[in-house]
Amino acid sequence: MPSDVPSDRDEILQAVSSAVLAVTRHLSVREVLQVIVRSAQRLLDARYAALGVPDDDGSFAEFVAEGLTDKQWDAIGPLPRQHGMLGAMLREGAPVRLPDLRKDERFEWWPKAHPVMKDFLGVPIRDGDRVLGIIFLANKRRGGGFTEADQELLTLFAAHAAIALTNARLYEHSRELAMLEERNRMARELHDAVSQKLFSLRLSAQAAGALLDKDTGKAAAELDRVQRLAGEAISELRAVIVELRPAELDRHGLTETLRKHVRLLDRLHPPLVAFECGELPALAPETEVAVLRVAQEALHNALRHSGAANVRMRLAYEDGRLVLGVHDDGKGFDPADPQRGLGLVSMRDRAESVGGVMTVASAPGEGTTVRMEVSA
């Protein structure tokens, strides 16, 4: 191997450390995959890098890539199937290094919007005899294609990545079990608290109906009781629902959940909806829920009321605080208008429930910016 291998090995240890730290920071499996892909791309100076985790239906359960924009991803379409070179690597479980991917007999086709890839290096991520996924690189920036030393380096990296990925899956599984236990507890609370009130409400409604023609005074009293019980049931139901942690946060993490949500809104609504996010620290579960709900409400308000051509959401970590910003270039409004108050109060309550602050900057004709800050 060339003389620069020791420095390369230093880089790989640092890259593996980043992937392992991603697990210890309690990030989702997908976020760990993204750390692995970015590390491999930087380590071997590749234009494109990707990692696919196969499912049992001939496709990929997870597929992350670097070197493509969100718009390119949307144009390419659905996740790849286990065909062509990717399928061959899953079946064979061996590294592949090619000067031109397109000339290999295992190559089949790309979607129309897929970028052209030439030199190729792919390595399986293995746990014993089991292939957990494939990490592959294309188009080495420095030219000349990938070398044998590159292949050995990526193989070494893949062996450590397998440990990080396995640990991430174990951690995520433990979180899912804990979440299931918590949901079962809440279901019992829901049954005990709300169902009893609904039963009482039904009896009171039946009593009011029976008394309506005989004693209107007593019927009115029963109807008042119905109204009170209904209000209490709604309040308790809302309290239980608010406690429920959205399942997508446990599957994908906050960043990816918001990115998926923005992509969906961008397809469904005329305005251009964009998302920008930097590196984030580990967040408390209740903080993630609060940020997600404030972001969803702010996006909904912008798309429904602002008449904007562009809506931009930004999530960043600045000076020890998580900062969420949702900005639109729409018609704006007067924040003091009482007709606008309910949604803003709800978002402000969400932020304050986790020790954060939510502010709104807007004026007629000047667009709107919703900003939430919370310690992280």
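A residue counts as buried when its relative accessible area is under 20%. By that cut-off, 42% of the 376 residues in this chain are buried. The model is predicted.

**Overall build**

The chain holds 9 helices and 10 strands. Among contacts with a separation of 6 or more, 62% join residues 24 or more positions apart. The accessible surface is about 20000 Å². Carbon and sulfur atoms own 53% of that surface.

**Salt bridges**

Side chains of opposite charge can pair when their charged atoms come close. The whole structure has 13 salt bridges. The table lists some of them.

| Pair | N to O distance |
|---|---|
| Asp 45 and Arg 141 | 3.9 Å |
| Arg 106 and Glu 92 | 3.2 Å |
| Arg 106 and Asp 104 | 2.9 Å |

Arg 106 forms a salt bridge with Glu 92. This pair also links distant parts of the chain, 14 residues apart. Arg 106 lies in the loop between β3 (96-98) and β4 (120-127), while Glu 92 belongs to helix α4 (residues 84-92). Arg 106 is partly exposed, at 26% relative accessibility. Glu 92 is partly exposed too, at 46%.

Arg 106 also bridges to Asp 104. Is Asp 104 buried or exposed? Asp 104 has a relative accessible area of 15%, so it is buried.

Elsewhere, salt bridges with shared partners join Arg 38, Glu 66 and Glu 279 into one network.

Notes. Residues numbered from 1 in each chain as written. Predicted model: local features only at pLDDT ≥ 70, side-chain atom pairs only at ≥ 80, totals over all residues. Heavy atoms only, no water. Helix = DSSP H or I, 4+ residues; strand = E, 2+ residues; numbered from the N terminus. Buried < 20%, exposed > 50% of the residue type's maximum accessible area, 1.4 Å probe, protein only. Contact = heavy atoms within 4.5 Å. Areas by Shrake-Rupley, 256 points an atom, 1.4 Å probe, with all protein chains shown as cover. Salt bridge = Lys/Arg side-chain N within 4 Å of Asp/Glu carboxyl O.
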